[in-house]
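Me: Please take a close look at one part of this model, the interface between the two chains. I would like one connected account of how the copies are arranged and what lies between them.

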Number of protein chains: 2
Amino acid sequence: MAEEQTVAHDDARHAEKMAKKKAARDKIMATKTGEKGLIIIHTGKGKGKSTAGFGMIFRHIAHGMPCAVVQFIKGAMVTGERELIEKHFSDICEFHTMGEGFTWETQDRARDVATAQAAWEKAKELIVSGRSMVLLDEINIALRYDYLDVNEVIAFLQEEKPPMTHVVMTGRNAKDELIEIADLVTEMELIKHPFRSGIKGQQGVEF
Amino acid sequence: MAEEQTVAHDDARHAEKMAKKKAARDKIMATKTGEKGLIIIHTGKGKGKSTAGFGMIFRHIAHGMPCAVVQFIKGAMVTGERELIEKHFSDICEFHTMGEGFTWETQDRARDVATAQAAWEKAKELIVSGRSMVLLDEINIALRYDYLDVNEVIAFLQEEKPPMTHVVMTGRNAKDELIEIADLVTEMELIKHPFRSGIKGQQGVEF
């Protein structure tokens with residue numbers, strides 16, 4: 001009996017607490033009415049930067065919103081996503097893989113620069129075309145090695161990106177100047193990694 | 001002429017640096033030969049926890065690997081993904097939405113507990129079935145409010161999860177005990193958020 005009363009009391013307190021939480025949340029959300037195309041950055045050493053970028057692309061596909069992907073650095077990663085998109089959703093999502101392998105695989109700076117420039121030309125074309133979202137996968141790597149000029153990228157995003165187009169940029173070591181002009185920045189922080197116990201990258205998880 | 005020489009020199013240095021990087025990377029990767037089903041956690045206040053979880057689910061779908069999703073807390077979020085998966089990939093990915101709205105929307109603890117328990121029963125069934133990946137979306141919220149007992153969840157994962165099944169658990173405030181037993185933990189850290197400038201959650205980005 002005493003226990004039942006305590007449970008009832010806990011439930012009532014919980015309801016009250018949650019009602020307050022809902023009121024606070026509703027109040028905040030009511031002020032958020034704007035819409036605009038966002039500059040979104042996923043950076044940090046942790047997992048999920050590209051994966052979450054592709055997650056938003058699939059979200060766009062799900063809603064029938066036109067989108068596109070440019071991969072600046074091609075690795076073993078995200079080949080699965082590319083196949084899936086090309087097979088089922090090529091009408092709504094354009095997919096370009098421009099990089100020729102991680103830069104430490106090629107050891108050819110001149111070629112890396114040319115590839116990054118070509119990828120950026122394609123990216124600009126897709127962005128100005130008015131799609132709802134363009135994912136520039138691993139562009140931060142190209143910016144970090146100065147294969148691309150960050151000031152040129154920023155100037156383009158600020159002056160020529162259509163107002164409702166979202167641009168998502170992924171990769172470690174996002175440049176400070178880019179973070180400065182972005183609307184939504186998430187740092188994926190590595191807390192624990194299975195490599196430490198000798199586990200390799202696995203299909204479906206890493207690629 | 002001098003400029004050309006400098007460029008050639010820079011390119012040679014770059015090639016050398018990248019060759020070293022590749023050798024170091026190859027050496028490390030050669031030691032990573034194991035495969036196992038991972039316990040993966042996405043936590044933190046930043047964006048991309050569920051999105052990256054769904055990204056891995058789409059990666060599994062792309063490779064034709066059986067997988068499943070249990071949503072512990074249903075919100076406006078990820079409805080797009082659910083529709084896309086149910087429409088195109090229901091043969092390879094089972095999808096269950098068990099939660100009845102964010103807990104601060106319901107204000108009914110007894111119902112929240114019952115819903116979380118039902119979701120957990122479904123999760124256990126899907127995990128022991130031997131699928132390659134099961135995504136337990138927002139389970140950390142249910143654990144945080146003690147709708148589920150974290151020790152029960154840990155005991156199940158350690159004793160009954162098939163060795164090759166990946167379990168992905170998302171949501172803020174992952175419990176320390178869960179982080180302790182996980183293989184791969186990423187904290188999504190919020191650096192910048194457009195809510196600060198009065199922008200609301202937008203289709204294709206947030207849901």
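Reply: Chain B can be laid on chain A with an RMSD of 0.1 Å by a turn of 180 degrees and a shift of 0.0 Å along the axis (the superposition is by least squares on the C-alpha atoms of residues with pLDDT of at least 70 in both copies). The two copies are thus related as by a two-fold rotation axis. In chain B, the residue that comes closest to this axis is B:Ala52, with its C-alpha at 1.9 Å. The same surface serves both copies, since 100% of the contact residues of chain B recur in chain A.

This is a predicted model, in which local features need pLDDT of at least 70 and side-chain atom pairs count only at pLDDT 80 or more, while totals for chains, interfaces and linings use all residues. Residues are numbered from 1 along each chain as its sequence is written, chains are lettered from A and ligands numbered from 1 in the order in which they are written, and side-chain values use heavy atoms, with hydrogens and water left out.

Contact, meaning heavy atoms within 4.5 Å, links 76 residues of chain B with 76 residues of chain A. About 7200 Å² is buried between the two chains, 60% of it on carbon and sulfur atoms; buried area is the accessible area (1.4 Å probe) that two parts lose on being put together, summed over both.

Two salt bridges are counted between chain B and chain A, a salt bridge being a side-chain nitrogen of Lys or Arg within 4 Å of a carboxyl oxygen of Asp or Glu. B:Glu81 and A:Arg59 meet through their side chains in a salt bridge, at 2.8 Å from N to O. By class, the side of chain B that touches chain A has 34 nonpolar, 21 polar and 21 charged residues; Ala, Val, Leu, Ile, Met, Phe, Trp, Tyr, Cys and Pro count as nonpolar, Asp, Glu, Lys and Arg as charged, and the others, Gly among them, as polar.

Pairing requires at least two bridges found by DSSP, and strands are DSSP runs (E, at least two residues), numbered from the N terminus. Opposite A:Lys192 stands B:Val185 in β6(B).

Technical notes. Helices (H or I, at least four residues) and strands (E, at least two) are DSSP runs, numbered from the N terminus.
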